[in-house]
Amino acid sequence: MKRFLPFSASDESHLFLTSGLALYLPRPMNETKSYSPGLEGVIAAETSLSFLDTEQEEIVIRGYDLLALIRQKGYSDVVGLLLDGELPAPQRRAEIETEMTKAEVPPRVYEILKLLPSQMHAMDRLRTAVSALAGFDPEANSADPASEKNRAPRVIGQIAQIVANLHHIAQGSSPERFSPEYSLAENFLRVLVRRPVSAAEVRAFEQSLIAYSEHELPNSTFAARVVASTLSDMYGALTAAVASLKGPLHGGANEAVMYMLLEAKNSQGLEALIRQKLAKKERIMGFGHRVYMRRMDPRAQLLKEVLQNLVQAAGRGQEYVEMCQVGEDIMRTEKGLYPNLDYYAAPVYYLLGIPIELYTPIFFAARTVGLLAHIIEQHSENRLYRPRVLYKGPRGKKI
Ligand SMILES: CC(C)(COP(=O)(O)OP(=O)(O)OC[C@H]1O[C@@H](n2cnc3c(N)ncnc32)[C@H](O)[C@@H]1OP(=O)(O)O)[C@@H](O)C(=O)NCCC(=O)NCCS
């Protein structure tokens, strides 16, 4: 593992000799050079999981192009790929699918959810449920990577079931279980919408899950790795990631996009709304990205195709394709900004009939596999995260 030191121990100016002892005293870092607000551009982890290659416009997932995985593979293939390092053979794939769909959510976790106020944000309810899951796992406190990998498919299945039932529970309905008869993606959508679903709808939903499954080191994954680096357990790390993902600058953007599209009503309305917001220097949700900032997020391009296919198969929803295009054009012309994945995921979920409050929880459920893979990787070659600050406060005050 490469380690970067903020000062050089061989620097003569740091060497003092005291009573025959050589002491290396760190001189303050060259503050302005080593400080990057928001850690922009800072390499904060070594990983073999994924990489955003903005020059080649490719999202590399364990050597494969994410867009090819979205087009050609199922969600359980990607779960196997992220956990095992290779695309799973049919038997392993079936094993993962069974573990995910047979996973049981402890009834007491659902009881806890029933006790929470129904108006509490869905991500806050999810955060509580993810934390509570630890209480029902005998190996909960283990930070052993082998144990974590074994438990991962079950945890992914449990979290997907919790998310699928989150809205129903808040409405006073009983939770439903997944059935090993269907894939994880089909189960997830069936329980979410509680109606028969078409193959085209299942495929669109599954493609969105793969698109969300892993994306290098966003804030939530970093939060999970930071917690994991203390050798704390995976439930704690996942709970921190839910809290991070809730924010509108991160995962919370997908629900914010849908509220904006609904407020705008149609293409003219969206154009007026975006211009109004830009005039007030407000941010337009679903646009911009720390890594892709002046480029299109490749996942957004693919989800745009998924939206178009879904609209074609369903024979309705063309107005959302048109509206989104209008928004995309204005933002490119006015701000030089491009849509991110959340911009196109929002209308896909809306057309599937999924309650808006669940868009960000679905993002989390899909990303659980990526987060677990990062937690396992962190625990496999751990070094505690402990950065420094650029102190701007006073000194030398007397009591
Ligand atoms: C994702 C995001 C937080 C990245 O931001 P960042 O890397 O910290 O970039 P900054 O906040 O420094 O923004 C750089 C410039 O672009 C502008 N900008 C960035 N995203 C913008 C947006 N969505 N709408 C309007 N302006 C935006 C900023 O106002 C800033 O302009 P300025 O230099 O004139 O002040 C930002 O693009 C954003 O807020 N997007 C909307 C939320 C969203 O969709 N999040 C999901 C991300 S996957």
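How many Å apart do the C-alpha centres of domain 1 and domain 2 lie? In this predicted model, the answer is 26 Å. To find the two parts on the structure, look for domain 1 at residues 60–246 + 358–380, and for domain 2 at residues 253–351. Notice that domain 1 is written as two pieces of sequence, 60–246 and 358–380.

Now let's see where the two domains meet. On one side, 13 residues of domain 1 take part, and they are in contact with 16 residues of domain 2. Helix H2 (66–72), helix H9 (199–212) and H17 each give two or more residues to the domain 1 side. H9 gives the most, with 5 residues. What classes of residue make up this side of domain 1? You'll find 9 nonpolar and 4 polar residues there, and no charged ones.

From there, move on to the largest nonpolar core, which has 106 residues. Leu 126, Val 163, Ala 224 and Leu 303 are the members that touch the most others. Helix H17 (residues 359–380) supplies the largest share of the core, 12 residues. Domain 1 and domain 2 both give residues to this core, so it lies between them. As background, nonpolar side chains in soluble globular proteins tend to be buried together.

Skip its neighbours within four places in sequence, and Val 163 is in contact with Leu 126, Leu 358, Pro 361, Ile 362 and Ala 365.

Next, take a look at helix H3 (residues 75–84). Of its 10 residues, 8 are buried, so the helix is largely enclosed by the rest of the structure. The buried ones are Tyr 75, Ser 76, Val 78, Val 79, Gly 80, Leu 81, Leu 82 and Leu 83.

Finally, how confident is the predictor? The mean pLDDT of the protein is 92, and 92% of its residues reach 70 or more. Residues 1–27 have a pLDDT below 50, and this stretch has 22 contacts in the model beyond near neighbours in sequence.

Methods:
Residues numbered from 1 in each chain as written. Predicted model: local features only at pLDDT ≥ 70, side-chain atom pairs only at ≥ 80, totals over all residues. Core = buried A, V, L, I, M, F, W, Y, C linked by C-beta atoms within 7 Å. Buried ≥ 20, exposed ≤ 12 C-beta atoms within 10 Å, placed from the backbone. Helix = DSSP H or I, 4+ residues; strand = E, 2+ residues; numbered from the N terminus. Domains from an automatic or database assignment. Contact = placed C-beta atoms within 7 Å. pLDDT = per-residue confidence, 0-100. Nonpolar A, V, L, I, M, F, W, Y, C, P; charged D, E, K, R; others polar.
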